[in-house]
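Subject: Handing over the model

Hello,

Here is the structure I promised to pass on to you. Please have a look at it before reading the rest of this email.

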Amino acid sequence: MVKIAPSLLSADFGRLREEIDEVTAAGADLLHLDVMDGHFVPNLTFGPFIVEAIRKLTDLPLDCHLMIEDPLTYGPQFAKAGADIVTFHVEVEGDPARTFDAIEAAGARAGMVVNPGTDPLALKPWLPRCAMVLVMSVWPGFAGQKFIPEVLEKIPVLKDALGYAGDIEIDGGIAPQTAGAAKAAGANVLVAGSAVFKAKDRAAAIRAIRQA
């Protein structure tokens, strides 16, 4: 079954409780939280204390995507703040094994993210540890970008060539016009930001993505 994960990056943080309540009532399966440090990507969003505040507002699973240079230090902090799953980039320098250990020890599931320009084979050593693989269908750092269809070729590589059987999430430019292709390629978790939060009828937006 396809799961829809509205990205709070596109929400109105001035009325965050209402935004979360609306997408929950509209049928969201989980909430996607984009964490940026201003170094790994040229934008800056929020830290663990915001995740802690969001955790108090919802029972939905929190899917925390770390676009940061130091997931070993900060990944466990987001887990302790209430994230259910924490994903970090394969492109980040460091020790992924220690990062997996630290996130899991802090109480969250862990996974990895692959950028549009990265060969999915880079994930091969770590796939047995991934609770989820996130395939970026835009370059990370900004909301509202255009979907890059070529990234869909990574998903059959992960599933067929590498034998990955866990959740495959896709993030970037997901809307009714692109959701069908993402699902057909093998993704089962679809992150949607602008397509949900910029819609007047959030339930209709989520339903249209799911039906597509």
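Below is what I found, going from the whole protein to single residues.

First, a caution: this is a predicted model.

**Overall build**

The protein contains 8 helices and 8 strands. Its radius of gyration is 16 Å, close to the 17 Å that the globule rule gives for 212 residues, so the protein is as compact as a globular protein of that length. Along the principal axes, the C-alpha trace spans about 45 × 35 × 30 Å. If you take the contacts between residues at least 6 apart in sequence, 63% of them join residues at least 24 apart.

**Surface and charge**

The accessible surface comes to about 9200 Å², and carbon and sulfur atoms account for 52% of that. As for charge, there are 19 positive and 27 negative side chains, with the centres of the two sets 5 Å apart.

**The inside**

Of the 212 residues, 54% are buried. In soluble globular proteins, nonpolar side chains tend to be buried together. In this model the largest nonpolar core has 59 residues, and Leu8, Cys64, Val86, Ile170 and Leu190 are the ones with the most contacts inside it. Another core, of 6 residues, lies apart from it; Ala5, Ile85, Met132 and Val189 are among its members.

Leaving aside neighbours within four places in sequence, valine 86 is in contact with Cys64, Leu66, Gly75, Phe78, Ala79, Ile103, Ala108, Arg109, Ala110 and Gly111.

Not counting residues up to four places away in sequence, arginine 109 touches Asp84, Ile85, Val86, Ile103 and Ala131. Aspartate 29 is 80 residues away from arginine 109 along the chain, and their C-alpha atoms are separated by 17 Å.

Proline 140 belongs to the loop between β6 (132-136) and α5 (154-161). Beyond residues up to four places away in sequence, proline 140 touches Val41, Met67, His89 and Asn115. Between the C-alpha atoms of proline 140 and arginine 15, which are 125 residues apart along the chain, the separation is 25 Å.

Alanine 165 is in the loop between α5 and β7 (167-171). Alanine 165 has a relative accessible area of 78% and is therefore exposed, the cut-off being over 50%.

I hope you enjoy looking around in it.

Best wishes

Definitions and conventions
Residues numbered from 1 in each chain as written. Predicted model: local features only at pLDDT ≥ 70, side-chain atom pairs only at ≥ 80, totals over all residues. Heavy atoms only, no water. Helix = DSSP H or I, 4+ residues; strand = E, 2+ residues; numbered from the N terminus. Rg over C-alpha atoms; globule rule 2.2 N^0.38 Å. Buried < 20%, exposed > 50% of the residue type's maximum accessible area, 1.4 Å probe, protein only. Contact = heavy atoms within 4.5 Å. Areas by Shrake-Rupley, 256 points an atom, 1.4 Å probe, with all protein chains shown as cover. Lys, Arg positive; Asp, Glu negative; His and termini not counted. Charge placed at Lys NZ, Arg CZ, Asp CG, Glu CD. Core = buried A, V, L, I, M, F, W, Y, C linked by side-chain atoms within 4.5 Å.
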